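Colleague: I'd like to learn how to read aromatic contacts and sheets in a model like this. Can you walk me through one?

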Amino acid sequence: MSDAKLFFQEFIRSPLTTASAIPSSRALSDQMVAPIPEQGEPVVVELGPGTGAFTEVIRSRLDGRGRHLAVELNPRLADVLAKRFPDVEVIVADAERLPELLAERGVFADVVISGLPWAAYRGRLTEAVAAAMHPAGVFTQFTYTWTRWAGPSKRQLAGFRRCFEEVVLTRTIWGNVPPALVHVMRRPRQV
């Protein structure tokens, strides 16, 4: 089954836990992974990897360095991801458990890349991400241009600003369907 078909099926099954009906583009993926350092052994955590649009680009950027963990709530998508990327540590869990999941592994995240939908941010996810990060860590989350003015998006942005010292929005990525932007957050606060 193609990634697009699988992704669409999972979106139809659970639109609140799958961010989109189609996988993200390479243009969006490149922007999302840009904060991964070109040297060293970074710990990169991917939230909601789906079928692996960001995973593939993360693996390429790491080029065998560091550690890559992918936290996926949907067991069907996690199974596909684990088979496709055997060198990625795929964890079937709720992303709000991120501090606990990383503590069990004795690491903090240097970079967190999120493909999660708004619905995932109803609880304390932003706080959990901030608590699981290295003090100089970077967190990226995309949003669609046409939804960024909606109430849930504004609440999400307020949470980002509460939990990170710096929140920057990239230029529009027109090569994605629909067009998207990326929130880049640095220096997590412990709230």
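Colleague: How many aromatic pairs does the structure hold?

Modeller: Keep in mind that this is a predicted model. The structure holds six aromatic pairs. Take Phe139 and Phe164: their ring centres are 5.6 Å apart, with 35° between the planes, and the pair is tilted.

Colleague: Which parts does that pair tie together?

Modeller: Phe139 belongs to strand β5 and Phe164 to strand β6, so the pair links parts 25 residues apart in sequence.

Colleague: Are Phe139 and Phe164 buried or exposed?

Modeller: Buried means under 20% relative accessible area. Phe139 comes out at 0%, so Phe139 is buried, and Phe164 is buried too, at 1%.

Colleague: What about a pair that is edge-to-face?

Modeller: Planes over 60 degrees apart count as edge-to-face. Phe142 and Tyr144 are such a pair, at 65° between the planes and 5.4 Å centre to centre. Phe142 is buried at 7%, and Tyr144 is buried at 10%. Together with Phe54 and Trp146, these two form one aromatic cluster.

Colleague: Now the sheet: what is the order of its strands?

Modeller: Read across, the order is β3-β2-β1-β4-β5-β7-β6, in an open sheet of seven strands with mixed pairing. An edge strand pairs on one side only, and here those are β3 (89-92) and β6 (164-169). From one strand to the next, the twist averages 20°.

Colleague: How many bridges join β6 to β7?

Modeller: Five, and the two strands run antiparallel. Glu166 stands opposite Arg186 in β7. Helix α7 (residues 151-163) lies across β5, β6 and β7, at about 135° to β6.

Note on methods: Residues are numbered from 1 along each chain as its sequence is written. This is a predicted model: local features need pLDDT of at least 70, side-chain atom pairs count only at pLDDT 80 or more; totals for chains, interfaces and linings use all residues. Side-chain values use heavy atoms; hydrogens and water are left out. Two strands pair if DSSP finds at least two bridges between them. Helices (H or I, at least four residues) and strands (E, at least two) are DSSP runs, numbered from the N terminus. Axes are lines fitted to C-alpha atoms, for helices over the stretch in contact, and angles run from 0 to 180 degrees between N-to-C directions. Contact means heavy atoms within 4.5 Å. Rings of Phe, Tyr and Trp (its six-membered ring) pair if their centres lie within 6.5 Å; planes under 30 degrees apart count as stacked, over 60 as edge-to-face and the rest as tilted. Buried means under 20% relative accessible area, exposed over 50%, partly exposed in between (1.4 Å probe, protein chains only).
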